[in-house]
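Thanks for making time for this. I would like to walk through one model with you, starting from a single side-chain pair and then widening the view to the strands, the helices and the core.

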Amino acid sequence: MVALLMSLLILLPVVARAEPVTDDSALKAASSRTAPLTIGEVLARIELTHPLLQAAGAERTKARAKILKALGAWEPQFKNKTEAERYETWNLTTAPTPGLALSPCVDGDPRPCEGIQPQVLTGGYNDSKLEVGHPWGFRIQGGMRNGFGDRGNNKIAIIPDMQAFHRQSQFILGGSFQLLRGFMVNEEYAEYQQAQLAGPQAEIKVAQKRQDLYLAGAVQYWDWQVAVKQAEVVKRALAVAEERLAQVEGLAKGGRVSPLDVVEVNQEVQKRRAAAIAAQRKVEYEQYKLSLFLWENNEPVTPRPEWAPEFQGETPLPTEEEIAAYKVEAKEDRPEVRELYIEAKMNNIDIKLAKNKLLPKLNLEGGPTEGVTDWIVGVGYRTGLHFEMPLFQREARGKVMAAEVAQQQLALKQQYTEQQVSLDVDNWLSAIVRARDRVTAATEALRLAKTLEEGERTRFNMGSTSVLFVNLRERNVVESAYQLYRAQADYAVARGGMLYARGVLGKPWPTETIAKYGESRTAAGSYGYQQPGRD
């Protein structure tokens with residue numbers, strides 16, 4: 001037993017030291033905050049720190065990688081090649097063997113012909129050259145060739161064309177040209193042109209993710225604000241009921257009211273307490289959802305109820321001229337429309353490439369000979385013209401047909417999308433108007449409900465009514481306040497939806513606002529830009 005206690009005393013400090021250490025600086029900063037949380041701060045923090053938006057910003061780096069990959073088709077390449085062969089002079093030349101006298105062959109003489117005896121020799125060369133391609137479909141190469149072998153000093157192995165620094169070296173040039181199919185339009189150049197469009201396409205993906213997060217964060221922000229305001233109304237109603245319970249209990253002790261009134265008031269207190277607990281749960285639920293849009297030090301920050309500001313007032317409705325300008329702006333700035341423009345450009349490249357394949361293949365090639373034996377005997381260069389054409393052109397015609405059909409599909413989809421974003425403007429305008437009217441009606445309904453509540457409470461204090469009617473009037477006030485807060489939130493959502501419909505939410509939040517909450521260079525709008533240099 002003593003040994004067990006000693007073991008526990010020894011292990012307890014170790015366990016205490018092994019506990020994780022948490023950085024509570026962010027929590028302390030959050031707890032000491034007094035300023036209200038504004039919608040501008042929410043959107044600025046999304047732009048600065050939201051992981052999903054940063055992940056979308058990495059699309060720019062992927063676009064740059066596509067360009068680098070496409071540029072690799074014309075990457076300058078250094079090539080070094082060495083070839084060697086053993087050959088017999090019997091099959092290549094009738095040059096006399098060194099050191100042997102020339103004598104005619106005699107029929108029937110068993111001795112070999114002394115002047116043309118075969119000789120086994122070794123020859124070869126080493127090429128060092130640089131090859132460069134061009135997007136228009138031609139390649140050129142240049143360098144130096146150095147020969148070697150047993151016949152190195154013999155004139156038969158000397159190449160007179162473009163002789164370099166010694167008798168066994170020469171400058172070499174070569175290249176290939178696509179004269180018809182592939183000239184200025186080819187697979188490599190098409191891939192490079194489409195890779196250049198990957199940059200604007202990445203920006204569109206960032207804009208799509210940004211507008212989705214901005215709208216989702218704004219809606220969640222206003223849902224949280226509604227939950228906080230509704231919870232405050234319920235808590236005030238609970239406090240009023242608790243005060244009335246104490247008042248009615250005092251009246252019951254004096255015999256001025258029935259004990260059943262005490263039971264009824266107590267029941268109302270319990271109902272409102274349950275409603276307050278449910279409202280508090282609603283606040284916690286909404287604040288946890290909102291915390292996913294507020295990040296700091298790679299951790300979500302949970303907003304506090306006291307950060308919730310009051311709802312803003314109404315703003316003037318846009319005029320007809322402004323609505324028409326909004327529709328034009330939506331057709332130009334909405335990421336959905338811009339994405340179709342990029343797809344149409346890419347498809348145009350596919351159409352040009354497909355039509356180019358209808359041409360016959362006619363390639364001109366030239367350069368130094370590759371065979372060692374040709375090098376030895378003095379054949380320095382080769383030139384060739386290659387012609388090829390399918391008889392029915394089925395592959396090319398099929399690609400042209402597929403690309404043209406895709407272009408027609410994109411045109412129809414673009415027409416639909418432009419009408420859709422135009423109707424979005426009308427839809428959110430309708431939402432703004434109806435929400436504004438609801439706010440006006442709900443404000444008046446709340447005013448009337450409070451008037452009835454005060455009158456009923458006065459009548460109760462005078463003994464002209466029962467506590468049941470007072471409770472009904474107070475419940476009506478709470479419900480009217482609910483309706484007002486919900487209408488105010490819907491009005492704010494409708495205003496944000498109009499920004500969404502115009503394409504404004506797809507653009508980065510203003511830099512002067514972002515600078516209040518962090519370094520703008522860490523935002524998704526500044527991530528992954530191509531740096532100046534060789535690329």
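Predicted model: local features only at pLDDT ≥ 70, side-chain atom pairs only at ≥ 80, totals over all residues.

Let me begin with the side chain of Asp333, which makes a polar contact with the side chain of Lys507 at 3.3 Å; a polar contact here is a pair of N or O atoms within 3.5 Å, where, within protein, one atom must be able to donate a hydrogen and the other to accept it, and where residues adjacent in sequence count only if both atoms are side-chain atoms. Residues are numbered from 1 along each chain as its sequence is written, and side-chain values use heavy atoms, with hydrogens and water left out.

Asp333 itself lies in helix H10, residues 320-333; helices (H or I, at least four residues) and strands (E, at least two) are DSSP runs, numbered from the N terminus. If we leave aside the neighbours within four places in sequence, Asp333 is in contact, meaning heavy atoms within 4.5 Å, with Arg338, Arg502, Gly503 and Lys507.

Now the chain as a whole. It has 15 helices and eight strands, and buried residues make up 38% of its 535 residues, where buried means under 20% relative accessible area, exposed over 50%, and partly exposed in between, with a 1.4 Å probe and protein chains only. Of the contacts between residues at least 6 apart in sequence, 79% join residues at least 24 apart. The chain exposes about 31,100 Å², of which carbon and sulfur atoms supply 58%; these areas come from the Shrake-Rupley method with a 1.4 Å probe, and for residues only the protein chains shown count as cover.

Turning to the strands, two of them pair if DSSP finds at least two bridges between them. Strand E2 (residues 120-134) and strand E3 (residues 138-149) pair in the antiparallel sense over 12 bridges, with Leu130 standing opposite Gly142 in E3. The hairpin of E2 and E3 has three residues between the strands, and Gly137 there takes a positive phi near 110 degrees. E3 is in turn joined by nine bridges to strand E4 (residues 169-178), again antiparallel, and in that pairing Ile140 stands opposite Gly175. Four bridges then join E4 to strand E7 (residues 361-368), which run antiparallel, and eight bridges join E7 to E8, also antiparallel.

What about the core? A nonpolar core is a set of buried Ala, Val, Leu, Ile, Met, Phe, Trp, Tyr and Cys residues joined through side-chain atoms within 4.5 Å. The largest one has 72 residues, and those with the most contacts inside it include Tyr221, Trp222, Trp224 and Val425. Among the elements that give two or more residues to this core are H8, H10, helix H13 (394-461) and helix H14 (467-502), and H8 gives the most, with 19 residues. Trp222, not counting residues up to four places away in sequence, touches Ile39, Phe311, Ala489, Ala492 and Val493. A second, separate core of seven residues includes Ala190, Leu197, Met346 and Ile349.

How does the span of H8 compare with expectation? The expected span of a helix is 1.5 Å times one less than its number of residues, so the 56 residues of H8 (residues 198-253) should span 82 Å, and the end C-alpha atoms are 82 Å apart, which agrees. H8 is followed by Gly255, whose phi is positive, near 80 degrees.

Most residues other than glycine have a negative phi.
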